[in-house]
Amino acid sequence: MGRLSQLTAGCAGVMVAVSGALHTCDVGDPPEGLEGAPAAALIPAGIALVLQVTPVPDGGTGRFRARTAAPFALVAAGLGGNTLAGRLEIDPGAAAVGVAGILVALTLLALLAYRVRIYHAVRRQRRLLDELHERQDFAQTLLQSMNEAVMVLDANYHVIDVNRRWRELTGHGDTLPESPPLPPPGTGGDWLLPRADGTDVPVLATMAAIPDAAGATRGYVATYVDIAERKQAEEKLTRHAADLERGNAELAAALAFKNDLTSMLTHDVAQPISSIASLADLLCADWADLPEDIRLELATKIDKNTRRLIKMMNDLQLLFRLDTGAVTARRVPVPLLEVVETVSASVAGSSDVEITIDEDLAALADRGHLTVIVENLLKNALAHGAPPIHIRAEREPGGTLCLIVQDSGAGIPEDVLPNLFGRFIKGAGLGLFIVRHLAEANGGSVRYEHAEPRGARLLVTLEAAPAL
């Protein structure tokens with residue numbers, strides 16, 4: 001019963017009781033044949049009606065109404081029966097029995113109506129429970145059938161439920177993690193989901209809050225999408241891009257090498273070949289008319305250019321081997337003074353070369369490589385520097401030694417220094433490039449310094465061998 005209906009029924013009960021009381025007082029003595037005034041029955045009936053609709057605390061409504069309204073209803077029925085018996089001039093006992101029968105019938109009808117209401121209420125409750133169970137089953141089926149791994153948590157981040165895909169992805173069986181690592185709510189992105197075996201699986205994770213009717217957070221849903229294959233594809237693509245970049249770098253290096261080689265052949269190799277061809281043609285054409293000393297001079301120039309060309313071809317051959325990584329060093333203790341004196345005698349001849357090296361100083365290197373290093377350094381000093389040329393060696397801390405070749409020329413220009421040890425410097429050949437690679441192949445290095453007060457100083461660092 002609604003509040004408006006209760007208010008209306010209560011007011012009606014009050015009016016009935018008051019009307020009964022007023023009418024009883026106005027009548028005075030009861031009519032002939034009656035025990036009391038007929039309107040007296042309205043007083044307990046109105047009180048019973050008021051009690052029936054009086055609001056009471058939940059849980060005690062039925063008991064309160066049954067225990068308080070029923071006695072007043074019986075009194076009203078008795079008074080009404082007495083009045084009816086007097087009016088109809090029937091026996092009061094029979095009237096009482098009739099009234100009792102009427103009350104029993106009304107009670108049975110009320111009980112039947114109550115049972116009907118209970119029946120419909122139970123059916124409605126069962127229908128609501130069935131709908132609730134159906135919705136729960138549907139939600140559980142939907143959760144378990146999702147391809148994404150899903151974890152449901154309460155407001156305190158305690159795990160409530162997970163789906164089948166989550167168990168497959170993490171390797172967990174029936175047990176659930178108490179406090180799994182989670183991304184911050186409202187965020188998403190790449191995440192590492194820990195597995196039961198201690199490994200991690202890369203996933204795309206999202207964390208969403210579940211609000212209640214008031215808007216407060218009542219729980220969270222974490223969703224994980226396996227991106228292991230995507231990560232593998234990305235890594236493969238990255239490796240492929242790195243391979244392409246290395247290939248492009250190698251291609252660029254090969255192109256640079258081709259350009260350098262073309263430039264060298266154009267400038268350094270073409271010149272002696274052209275000179276040899278011209279001198280040989282002149283010698284052959286005018287042999288009979290040339291004096292003996294001129295013929296010797298021309299033959300000497302042809303020999304010099306030929307040796308120069310042979311040196312270039314040997315350098316190119318060594319360059320190809322260095323470029324393919326085919327050069328290996330067989331390091332043994334090599335007396336440094338012996339190698340320097342031998343190279344100086346064959347390259348410099350009577351030139352002004354000063355050598356300051358201890359006899360017991362030895363380098364741990366390939367003897368052939370060390371000879372080529374000293375030869376190229378000395379030729380570079382003679383070609384581009386000025387005498388006197390100083391060659392010395394000294395021990396350094398850490399078990400190394402330093403070989404120094406210094407000339408007295410103008411030094412190397414600043415614009416040349418960045419590519420000094422590159423493959424090709426116009427007019428300088430491949431000498432310093434070969435020096436750098438042979439020094440590195442023997443575990444050493446080479447660098448340049450300005451000499452004081454003038455000149456160029458090239459320093460080669462190698463591992464020192466035990467004293468001989």
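Here are a few friendly notes on the predicted model above, starting with its sheet.

1. The sheet. Five strands make up an open, mixed sheet, and their order is β7-β9-β10-β12-β11. The edge positions belong to β7 (353–356) and β11 (445–450); each has a single partner strand, so one side of each lacks a neighbour in the sheet. On average, and ignoring direction, neighbouring strands are turned by 20° against each other.

2. Within it, Glu354 has His390 of β9 as its bridge partner.

3. Helices on the sheet. Helix α8 (residues 336–347) packs on the sheet and touches β7, β9 and β10 (400–406). The direction of α8 makes about 170° with that of β7. Helix α9 (residues 367–384) lies across β7, β9, β10 and β12 (456–463), and runs at about 175° to β12.

4. Helix α10. Which residues of helix α10 (residues 431–441) are buried? They are Gly431, Leu432, Phe433, Ile434, Val435, Leu438 and Ala439. As a reminder, an α-helix has 3.6 residues a turn, so residues three or four places apart point the same way. After α10 comes Gly443, with a positive phi near 80°.

5. Cysteines. With a disulfide taken as a pair of cysteine sulfur atoms within 2.5 Å, the count is zero. Is Cys284 buried or exposed? Cys284 is exposed, because its relative accessible area is 66% and the cut-off for exposed is over 50%. Cys402, at 1% relative accessibility, counts as buried.

Methods
Residues numbered from 1 in each chain as written. Predicted model: local features only at pLDDT ≥ 70, side-chain atom pairs only at ≥ 80, totals over all residues. Heavy atoms only, no water. Buried < 20%, exposed > 50% of the residue type's maximum accessible area, 1.4 Å probe, protein only. Helix = DSSP H or I, 4+ residues; strand = E, 2+ residues; numbered from the N terminus. Pairing = 2+ DSSP bridges. Axes fitted to C-alpha atoms, helices over the stretch in contact; angles between N-to-C directions. Contact = heavy atoms within 4.5 Å.
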